[in-house]
Structure formats: C-alpha cells, structure tokens
Amino acid sequence: MTTIITVTSGKGGVGKTTTSASIASGLALRGFKTAVIDFDVGLRNLDLIMGCERRVVYDFVNVIQGDANLHQALIKDKHCDNLFVLPASQTRDKDALTEEGVEKVLKELEHQGFDYIVCDSPAGIEHGAVMALTFADEAIVVTNPEVSSVRDSDRILGIIQSKSRRAIEGREPVKEHLLVTRYSPKRAHEGEMLTYTDIQELLRIPLLGVIPESEAVLQASNQGIPAIHQKGTPVADAYQDAIGRFLGEEHPLRFVEYEKPGLIKRLFGGK
Amino acid sequence: MPRRREPRPAPALELKTTRLAGIQVILNSAEHAALDTHLSTLFAATPDFFGGEAAVFECGRLPADAPSPDWAWLARELKSRGLNPFAVQNASAELAAAAQQAGLLILNDVAPAPAAIAAEPEPLPEPEAVPAPEPALSATAPTRIIDKPLRSGQRVYAAGGDIVVLAAVNPGAEVIADGSIHVYAPLKGRALAGARGDTSARIFTTHLEAELVSIAGVYRTFDAAPDAAVARKPAQIRLADASQIVIEPL
C-alpha cells in the first residue's frame with residue numbers, strides 16, 4: 001500500500017518545502033521507501049533543500065511528457081538509502097502538470113513499491129497546488145502562527161475537501177494534519193503571535209506537531225541538508241516527534257512552553 | 001426501525017409530484033451583444049457561484065416585437081457558468097418555436113417570479129390529488145443542514161429555505177439562505193439571510209464573531225467589534241422597520 005502525503009499551506013514561505021524534505025527524510029530514516037516530488041514547477045526549490053540540485057538531469061515534467069522514464073528522473077538521496085527525489089522543472093510552468101500525467105507518475109511509483117510519496121505543493125490555490133492535492137491520502141497543512149497563514153490554510157482545507165479525488169469519488173476523506181511551523185513560544189506567550197491552540201481552534205483538525213522557529217532551518221537549507229538531520233536541535237526533534245505521531249505513536253508536545261530565563265541564565269547567557 | 005414482515009419489493013418506477021427549486025433567468029433584452037456583456041460582468045467575480053442548478057428563461061418582460069434570442073448560445077453560456085437551463089416560460093409563439101428548436105421545453109402561463117419555480121416537464125396524471133400545501137409554506141424548500149466546518153472561500157446557498165450550520169463558519173466563508181440562518185457554532189464569516197428579499201428572515205448563532213451579516217440586502221459589517229453584550233455570545237440578528245439591522249443577545 002502506498003500512501004500519498006501532500007504537504008500544503010496556501011500561503012507561501014511558511015515552510016512547506018522544509019517540511020516535505022524533513023518528513024520524507026524522517027520516513028525514510030524509519031525504513032520506509034519514500035519518494036518526494038516537487039510540484040512547484042517553474043520555481044523548483046526542493047532539490048536545493050535536499051542538496052541534490054547538481055544531480056538533476058530529468059525532471060517531473062519530462063516524465064509526465066514521456067521524455068524520460070521515472071527511473072532516469074528519480075534522484076537517490078545522499079543521506080538515506082530509501083529516499084528518492086523527483087525534482088520539478090525550472091523551465092516550464094504549472095500547466096505542464098496534467099491530471100493524467102500526475103496520476104501516471106504516482107501509479108508508477110506505487111508499482112515500484114514505494115511506501116510513501118510526499119508531494120511538496122506550491123503556494124497558492126491554483127492549478128499546481130490543486131494537482132499536488134488531487135491524489136492525496138493524507139494532507140499535512142503547514143501553518144505559521146499568524147492570521148493570514150491560518151486563513152490560507154483554512155482555504156486550502158476547503159479545497160482538499162472539494163477537489164481531491166477522495167472527495168470527488170465520495171471515498172473516505174483525506175486525513176488532515178496540522179503542522180504549526182516557525183513557532184516562537186516566547187512571542188506566543190507575549191501575545192505577539194497566535195498560540196498553537198488558537199490555530200487549532202480555528203482550523204479544527206488534529207495537531208501533528210509544532211516546529212519551533214530556529215536559525216537551524218536556514219542553515220540547513222543553505223547547506224542542502226534537511227533540517228531533520230541537524231541532530232540535537234529542537235527543530236529536528238520536533239520533526240521526529242511529528243513523524244512519530246504521523247505513524248501513530250504518542251509523543252508529548254515539546255518546545256511550546258515559554259520559560260522565563262532565570263537569573264543565572266540571564267547572567268551567564270545561553271539561549 | 002420497525003419493518004414489515006414481508007416487504008413488498010419497490011416497483012421499478014414510481015410517479016410523484018415534485019417542486020423543483022431553480023433559478024429564473026429574466027430576459028430584459030434579446031440582443032446578443034447586450035446579453036453577452038452583461039453575462040460577463042455578472043459572473044466576472046464569481047464564475048462558480050452556481051453549482052448546476054436548474055434554470056428557466058423568463059420571457060415575460062421582453063418587448064412583444066423582440067427578435068428571438070440565440071437560445072442555443074444563451075443556454076451554452078449559462079451552462080458554462082454552472083446553470084442548467086431547460087425551459088422557457090411566458091414566451092411568444094415565435095420565441096417558443098425557436099426555443100423548442102434549441103432543445104428547450106416550453107412552460108407557458110406560469111406565474112412570473114414565484115420563489116420556487118414549479119417545473120413539471122410533463123402533465124401529471126392527477127394534479128388535483130395532491131393536497132394543496134398551506135400558502136405560507138408553498139415556497140419553502142427543505143432546510144439545508146451543514147455539519148462540517150465552512151472554510152475560507154467556501155460558500156453555501158440554501159435556495160428557497162433555511163440553513164442550519166452545526167460547525168464553525170470560518171472567516172472568509174459565506175452562508176447564504178433565502179430564509180433564516182442558524183449557526184450552532186462560532187459564526188466568524190459572512191451570513192446573508194433573506195437573500196431574495198424576505199425581510200422576516202433572521203440569523204441566529206451561538207457565538208457571534210461575524211465579518212458581515214445581512215438580511216434582505218441590509219447589511220452590517222463589524223469593523224469595530226459588536227457590543228460586548230453579543231460579541232462572541234449567542235445572538236439573533238433581525239431586521240426592524242425593514243431597514244435597520246438589530247442584534248440582540250439570545
């Protein structure tokens with residue numbers, strides 16, 4: 001059984017690609033054969049985050065149009081043996097993604113025995129984003145703790161509920177997960193940001209995890225190593241927890257409570 | 001549920017009377033260019049407002065000497081915007097003939113502008129046998145019930161009747177009803193009751209935090225939060241003197 005996970009948000013810049021890379025890597029680290037597909041045709045980023053940009057020969061659109069086969073286009077990840085990246089095309093636009101073409105590629109990946117296919121959605125609610133969610137079994141909705149991001153996530157949830165194949169065919173609905181990213185417990189505590197409970201109250205879908213705001217993410221993307229590999233950082237731990245929860249494990253939420261720094265900490269530094 | 005011991009198999013076919021709620025497309029002009037321009041402006045902002053509702057062309061307002069509109073083209077245009085025109089009503093013999101050629105049914109002598117169009121494509125066997133519904137209820141469609149959250153960008157419309165929403169109406173979502181609107185959850189989006197001018201329609205919610213409420217076209221926005229007595233609390237919204245939105249705690 002192959003499970004198709006769409007990572008989406010509506011809004012741009014909230015951490016979809018970072019999340020796609022880390023979730024896909026995390027699933028692969030746990031032994032699942034995983035593919036991650038960049039649906040952001042024309043603005044490809046996933047290959048950079050995964051650090052495989054110099055190995056892109058063929059891309060998703062080439063496979064859809066039959067110019068290359070899937071085997072030629074899949075790039076094996078540097079860090080995990082059973083993780084493969086299908087990069088987006090930089091030179092086309094999203095109209096190159098046809099529903100039949102996307103379905104064909106997903107079917108073929110299923111045929112090749114992949115356990116998970118992670119679809120990294122582009123921002124927006126237009127064709128590219130719709131293509132990324134059409135075939136989803138599960139959706140991870142990435143949301144930042146700010147009003148506009150929550151609003152856009154709400155919108156994309158509505159689109160999942162109306163335009164996904166599962167919805168159109170009246171099958172069991174797409175399983176939705178909320179992932180709050182770039183969360184700063186201090187700013188939420190001080191009322192500058194929405195708290196994760198505020199977000200959940202509005203979106204009303206189960207919380208998969210809260211990823212703290214961290215410099216490690218920028219560092220990770222510049223190095224082309226998914227954040228989940230930055231062992232010991234809160235971001236990597238939070239992603240590990242999220243993957244555990246995704247697979248049905250129970251983990252308490254971490255990195256969400258703000259602790260006032262004590263006197264000693266204030267005097268001697270530390271973060 | 002109790003069941004009869006020997007249920008008789010249902011017959012393969014049954015005939016019953018029905019009333020269809022639909023949309024009237026009132027033609028004030030038969031001119032191609034004028035219709036085309038107006039259709040484009042009308043649907044420019046909301047191309048997917050309709051979701052396959054049945055529609056009838058009302059010709060009563062066309063001048064007697066008007067040429068026949070291009071029915072096939074009109075039907076196609078409306079179809080592409082989510083309406084399903086299937087008939088013309090109150091058409092002159094000439095217009096009716098042209099409409100029939102374009103595959104439309106002819107409904108003549110139908111009272112213009114009822115809230116719901118009675119569209120019976122074929123004469124019914126025993127129209128008298130149907131008990132006449134009470135006048136007050138004659139135009140009421142069944143209440144529409146929504147039990148999933150309405151999300152930003154989603155819009156539901158209860159044509160001809162009331163709507164009951166059991167889950168949150170989120171910011172950016174829109175609930176529209178020809179009758180009243182009941183929201184048993186936070187109402188954070190827009191609610192428009194009495195969409196066809198029923199000034200007695202009301203809006204009820206257990207948690208008022210709406211962006212906009214409207215009754216029969218009279219609306220109020222909440223740029224400033226509503227009174228503390230009703231903000232985030234159970235409230236009812238009604239129209240007083242046909243022109244004044246009144247918000248009261250429940």
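Which residue forms a salt bridge with E211(B)? The partner is R151(A), and the closest N and O atoms of the two sit 3.3 Å apart. Keep in mind that this is a predicted model. Here's a quick tour of chain A, chain B and the place where they touch.

**The two chains**

- Chain A is built with 13 helices and eight strands, while chain B has three helices and 15 strands.
- Of the 271 residues in chain A, 54% count as buried; for the 250 residues of chain B, the buried share is 40%.
- Take the contacts in chain A with a separation of 6 or more: 75% of them join residues 24 or more positions apart.
- In chain B, 39% of the contacts between residues at least 6 apart in sequence link residues at least 24 apart.

**Where the chains meet**

- Eleven residues from chain A and twelve residues from chain B take part in the contact.
- About 990 Å² is buried between chain A and chain B, and carbon and sulfur atoms give 43% of that area.
- Two salt bridges cross this interface, and R151(A) with E211(B) form a salt bridge between the chains.

**Inside: the nonpolar cores**

- The largest nonpolar core holds 33 residues, and L27(A), V36(A), M50(A) and I140(A) are the ones that touch the most other members.
- Several elements of chain A each put at least two residues into this core, among them strand 1 (3-8), helix 1 (16-29), strand 6 (138-143) and helix 12 (234-246).
- Helix 12 of chain A gives the largest share, with six residues.
- There's also a second, separate core of 28 residues, which includes V165(B), A177(B), I203(B) and I247(B).
- What does L27(A) touch, leaving aside its neighbours within four places in sequence? Its contacts include I5(A), F32(A), Y116(A), V118(A), I243(A) and F246(A).

**Outside: a nonpolar patch**

- L263(A), I264(A), L267(A) and F268(A) make up a nonpolar patch on the surface, and together they have about 530 Å² of accessible area.
- F268(A) belongs to helix 13 (residues 263-268) of chain A.
- Is F268(A) buried or exposed? F268(A) counts as exposed because its relative accessibility is 69%, and the cut-off for exposed is over 50%.

**Salt bridges**

- Side chains of opposite charge can pair when their charged atoms come close.
- Over all chains, the count comes to 22 salt bridges.
- K107(A) and E103(A) form one of them, at 3.6 Å from N to O.
- Both K107(A) and E103(A) lie in helix 5 (residues 99-111) of chain A, four residues apart, which is about one turn of the helix.
- E103(A) is partly exposed, with a relative accessible area of 24%.
- D237(A) and R254(A) also meet in a salt bridge, at 4.0 Å from N to O.
- D237(A) sits in helix 12 of chain A and R254(A) in the loop between helix 12 and helix 13, so this pair ties together parts that are 17 residues apart in sequence.
- Both ends of that pair are partly exposed: D237(A) has 23% relative accessibility, and R254(A) has a relative accessible area of 36%.
- Over in chain B, the side chains of D178(B) and R196(B) form a salt bridge at 3.1 Å, N to O.
- D178(B) is in the loop between strand 8 (174-177) and strand 9 (181-187) of chain B, and R196(B) is in the loop between strand 10 (190-193) and strand 11 (203-208), so the pair ties together parts that are 18 residues apart in sequence.
- D178(B) is buried, with a relative accessible area of 8%, whereas R196(B) is partly exposed at 41%.
- Salt bridges that share partners link E99(A), E103(A), K107(A) and R165(A) into one network.

**A look at R187(A)**

- R187(A) is part of helix 9 (residues 185-189) of chain A, and R187(A) is partly exposed, with a relative accessible area of 40%.
- Beyond its neighbours within four places in sequence, R187(A) is in contact with E192(A) and M193(A).
- How many residues apart in sequence are R187(A) and Y258(A)? They are 71 residues apart in sequence, and their C-alpha atoms are 8.7 Å apart in space.

Terms used
Residues are numbered from 1 along each chain as its sequence is written. Chains are lettered from A and ligands numbered from 1 in the order in which they are written. This is a predicted model: local features need pLDDT of at least 70, side-chain atom pairs count only at pLDDT 80 or more; totals for chains, interfaces and linings use all residues. Side-chain values use heavy atoms; hydrogens and water are left out. A nonpolar core is a set of buried Ala, Val, Leu, Ile, Met, Phe, Trp, Tyr and Cys residues joined through side-chain atoms within 4.5 Å. Buried means under 20% relative accessible area, exposed over 50%, partly exposed in between (1.4 Å probe, protein chains only). Contact means heavy atoms within 4.5 Å. Patches are made of residues with over 30% relative accessible area and no salt bridge: like charges are joined within 9 Å, nonpolar side chains (Val, Leu, Ile, Met, Phe, Trp, Tyr) within 5 Å. Accessible areas come from the Shrake-Rupley method with a 1.4 Å probe; for residues, only the protein chains shown count as cover. Buried area is the accessible area (1.4 Å probe) that two parts lose on being put together, summed over both.
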